[in-house]
Amino acid sequence: MKNKLETVPFKDSPEKREKLNAVIAEFKDVKGALVQVLKKAQEIYGYLPLEVQIAVAEGLNVPLEEVYGVVTFYSFFSLQPKGEHQISVCLGTACYVKGSGDVVNKLSEKLGIQPGECTRDGKFSLTACRCIGACGLAPVMTIDDDVYGRLTPDEAVKILEKYM
């Protein structure tokens with residue numbers, strides 16, 4: 001089975017690495033700055049891949065296990081990159097009862113990823129959320145800032161194809 005964290009290859013650049021090194025240098029001697037550094041690192045990279053976690057751990061001289069523990073504890077940190085287009089399907093009660101689980105499954109099949117993952121080309125990420133407040137339109141999905149309601153699995157795929 002493929003490791004979920006290997007879905008999208010890590011792409012670094014000298015500019016991003018320079019920014020990360022500057023952040024680490026700024027906070028190197030500040031006690032308890034790990035969360036701040038990780039927030040800034042996520043702003044630079046969009047997520048916190050293992051390579052970035054290692055750089056932060058080495059730069060701040062803290063164990064990698066501590067960095068990973070913080071990254072996985074706080075919900076605002078992400079181990080997966082976000083796609084150019086972010087798809088979210090509501091799995092709240094109203095949506096789920098009206099078939100949003102089937103919508104998620106169909107989109108997963110079409111994209112070749114599971115919720116919480118990003119396509120290898122970085123074009124799409126898929127998430128399943130609990131409620132977006134559009135219960136009257138159930139089942140609902142969003143793609144970026146666009147809201148689509150009263151979906152069937154096949155309609156969801158047709159909408160997705162407009163973004164491809």
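The buried residues of helix α6 pack against β1 (85–90), α5 (93–97), β3, β4 and α7. Buried here means under 20% relative accessible area, while exposed means over 50% and partly exposed lies in between, with a 1.4 Å probe and protein chains only. Packing is a matter of contact, which means heavy atoms within 4.5 Å. Helices (H or I, at least four residues) and strands (E, at least two) are DSSP runs, numbered from the N terminus.

Before going on, a word about the model and its numbering: this is a predicted model, in which local features need pLDDT of at least 70 and side-chain atom pairs count only at pLDDT 80 or more, while totals for chains, interfaces and linings use all residues. Residues are numbered from 1 along each chain as its sequence is written, and side-chain values use heavy atoms, with hydrogens and water left out.

## Helix α6

Which residues of α6 are buried? They are Ser100, Gly101, Val103, Val104, Leu107, Ser108 and Leu111. These residues cover an arc of only 160 degrees around the axis, so they sit on the same side of α6. The arc is that of the directions from the helix axis to the C-beta atoms.

Just after α6 comes Gly112, with a positive phi of about 75 degrees.

Now let us turn to another group of helices. Helix α2 (residues 34–45) packs with α3 at an angle of about 145 degrees, and their axes are 11 Å apart. The contact involves Leu34, Val37, Leu38, Ala41 and Tyr45 from α2, together with Val52, Val56 and Leu60 from α3. Sorted by class, the contact of α2 with α3 has eight nonpolar residues, no polar ones and no charged ones. In this sorting, Ala, Val, Leu, Ile, Met, Phe, Trp, Tyr, Cys and Pro count as nonpolar, Asp, Glu, Lys and Arg as charged, and the others, Gly among them, as polar. For the geometry, axes are lines fitted to C-alpha atoms, for helices over the stretch in contact, and angles run from 0 to 180 degrees between N-to-C directions.

In α3, the buried residues are Val52, Gln53, Ala55, Val56, Ala57, Gly59 and Leu60. They pack against α1 (14–27), α2 and α4.

Helix α4 has the buried residues Val67, Val70 and Val71. Their arc around the axis is only 100 degrees, so they lie on the same side of α4. The face turned away from that buried side carries the exposed residues Glu65 and Phe73. The buried residues of α4 pack against α2 and α3.

## Residues in loops

Here are some loop residues with their relative accessibility.

| Residue | Relative accessibility | Class |
|---|---|---|
| Asn61 | 67% | exposed |
| Arg150 | 56% | exposed |
| Thr152 | 35% | partly exposed |
| Ala134 | 19% | buried |

Asn61 lies in the loop between α3 (50–60) and α4 (64–73). Its phi is near 55 degrees, a positive value in a residue other than glycine. Arg150 is found in the loop between β5 (146–148) and α7 (153–161), and Arg150 too is not a glycine, yet has a positive phi of about 50 degrees. Thr152 is placed in the loop between β5 and α7.

What kind of peptide bond joins Ala138 to Pro139? The bond is cis, with omega near -10 degrees. Pro139 belongs to the loop between β3 (124–129) and β4 (141–143).

Val140 is also found in the loop between β3 and β4. Is Val140 buried or exposed? Val140 is buried, with a relative accessible area of 1%. Leaving aside neighbours within four places in sequence, Val140 is in contact with several residues, including Ser88, Cys95, Ala134, Tyr148 and Leu151. The C-alpha atoms of Val140 and Gly99 are separated by 9.6 Å, although these residues are 41 residues apart along the chain. By contrast, Ala134 and Gly122 are 12 residues apart in sequence and 28 Å apart in space, C-alpha to C-alpha.
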